[in-house]
Amino acid sequence: SVRSELGGFTNAHNFIAALVEEEGSQRYLHYRVRYEDDRLQPPSWRPLSEPGLLAHVIARNEPLFLPDGVEEYRAEHGLRAFGKPARSWMGAPLRVKGKVFGVIAVENNHRAKAYTRGEFEQFVALVEHVQGALQVARLEEEQEQNVRRLCLLQRASEEMMRLADERGEEALWLAALTAATANYGLQFNRAALFLAKDGGARLIGRAGVGHFDRAEAREAWAADRRANMTFDRFLSDLRRSALKPTPVHRAVCNWELDLSSEGWDVFQSVLRAGRPDRVPAARAAQRLPGPFVERFGVHDYAVVPLRAGSRVIGLAVVDNAHDGKPIRRLALDYLESLLAHAALTYEDYRQRKAHERLNRLTCEVLSHAGRQSLKDTLTEICEVALEVSGVDCASIVPASEAGLKFTYELEHAGSAGWQKAAEPVRMP
């Protein structure tokens, strides 16, 4: 509506409404509404420390009128140009009780002196008139968004067990990651989920959501908005096997990461401590596995544990590689809670399946219906033991006793897990 009002007395084909957002010690400009040549652009974020005209207006806390000489003004004040160079520019801060919370600007990229002094004064008056209402609307929107997110997380938690029973483990993880990445959810750009194996020495990729190419990601987001995608529609598509796997899912599934080398401390520390951690882009190459960085790129990341009660069974990695949005503490708190519920659901599903398998195996052994070798039977019992108990390895070695002498039948021994050896037990 502000842009429409501006269009009544000046050219507003290139329009920006940006809000200041804070996360920790960092401040960002959130480009909430941005038009370039009359075309609406997707939202984006930029650190406020990057010196451009918008950041300059916020720092000065005063309107700025540049009917011409825009590039000369930038050069004089050490400001960077973002996007097309402007020939005419004017901007004004959004303030509440003297404190700046955003900025509105218009520019003309084709000709100088596109705006008059009278138009600038009308522009400033309009911005001052709407700034209070904009701040109220912003606070109400944040509150409504948090309520929607909590409702979605509750709904996702309720659906997870049904999805696991109906569609298996992958559907459970996809539901959790979709809630984490969807526009109606936590709005992370990408998410990848791994389960820990071999006592945390390896990670195995189980699911992912997102794109590696920025243009493809934005087109997918726009398609979801056009289709009015909701969590209910996602669930329907998932149950009908109508979902097309995203590039991140295809890249992550069954991808194995070796964590046995030193130096990949973020994944290792999250698995050990069970607490989320953040990795700034400047430290990604030092703190993340080389194969991961090679595939996903250098960005700010957050690593969140999959915590099933007191056990950490894996981790998820999220980022905002395509829109530059800061990774918010509140969103991470929501994600940690969601993944904890998903992990407990998975453990319950896995244990129920393991007990079903154990019961079937017991019946087969007692009835001799399976007719499989002793070694194969013992190996399957060890595999079920891993599922039921959560241990890393198991071995069963048949033995016979003759007086004080034991004979170990190693050729019939069964074993499962990550510490397989040529001889499952040490000979006495």
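**View 1. Helix α2 passes helix α3 in a left-handed crossing.** Left-handed says that the near helix is turned anticlockwise from the far one by less than a right angle, and right-handed that it is turned clockwise. Here α2 spans residues 53-60 and α3 residues 70-77, and the two pack at an angle of about 60° with their axes 11 Å apart (axes are lines fitted to C-alpha atoms over the stretch in contact, angles run from 0 to 180 degrees between N-to-C directions). On the α2 side, L53, H56 and R60 make the contact, and they meet V70, Y73, R74 and H77 of α3 (contact: heavy atoms within 4.5 Å). Sorted by class, this contact of α2 with α3 holds three nonpolar, two polar and two charged residues (Ala, Val, Leu, Ile, Met, Phe, Trp, Tyr, Cys and Pro are nonpolar; Asp, Glu, Lys and Arg are charged; the others, Gly among them, are polar).

A word about all the views: this is a predicted model, in which local features need pLDDT of at least 70 and side-chain atom pairs count only at pLDDT 80 or more, while totals for chains, interfaces and linings use all residues. Residues are numbered from 1 along each chain as its sequence is written, and side-chain values use heavy atoms, with hydrogens and water left out. Helices (H or I, at least four residues) and strands (E, at least two) are DSSP runs numbered from the N terminus.

View 2. The buried residues are L53, L54, A55, H56, V57 and I58. They pack against β1 (14-23), β2, β5 (64-66), α3, β6 (88-96) and β7.

**View 3. V100 in strand β7.** Strand β7 runs over residues 99-108, and V100 is found in it. With a relative accessible area of 11%, V100 is buried. Leaving aside residues up to four places away in sequence, V100 touches I58, N61, P93, L94 and R95. Although V100 and N61 are 39 residues apart along the chain, their C-alpha atoms are separated by 6.7 Å.

**View 4. Helices α4 and α5 side by side.** The axes of α4 (residues 117-167) and α5 (residues 169-181) come within 7 Å and cross at roughly 165°. That makes α4 roughly antiparallel to α5 (under 35 degrees is roughly parallel, over 145 roughly antiparallel, 65 to 115 roughly perpendicular, the rest oblique). The crossing of α4 past α5 is right-handed. From α4, the residues in the contact are L152, A156, M160, L163, A164 and R167; from α5, they are E169, A171, L172, A175, A176 and A179. By class, that contact has ten nonpolar, no polar and two charged residues.

**View 5. Y346 in helix α12.** Helix α12 covers residues 329-367, and Y346 has its place there. Y346 is buried, with a relative accessible area of 9%. Its partners, not counting residues up to four places away in sequence, are E169, L172, W173, L195 and I313.

View 6. D37 is found in the loop between β2 (26-36) and β3 (39-40). Its phi is near 50°, a positive value in a residue other than glycine. At 24% relative accessible area, D37 is partly exposed. D198 lies in the loop between β8 (190-197) and β9 (202-209). This aspartate also has a positive phi, about 55°, although it is not a glycine.

**View 7. Helix α9 and the glycine after it.** Within α9 (residues 265-273), V266, F267, Q268, V270 and L271 are buried. Just after α9 comes G274, with a positive phi of about 70°.

**View 8. Cysteines without a partner.** If you are looking for disulfides, the count comes to zero (a disulfide is a pair of cysteine sulfur atoms within 2.5 Å). C393 is in no disulfide, and the nearest cysteine sulfur, that of C382, is 9.6 Å away. C393 counts as partly exposed at 33% relative accessibility, while C151, at 51%, counts as exposed.

Note on methods
Buried means under 20% relative accessible area, exposed over 50%, partly exposed in between (1.4 Å probe, protein chains only).
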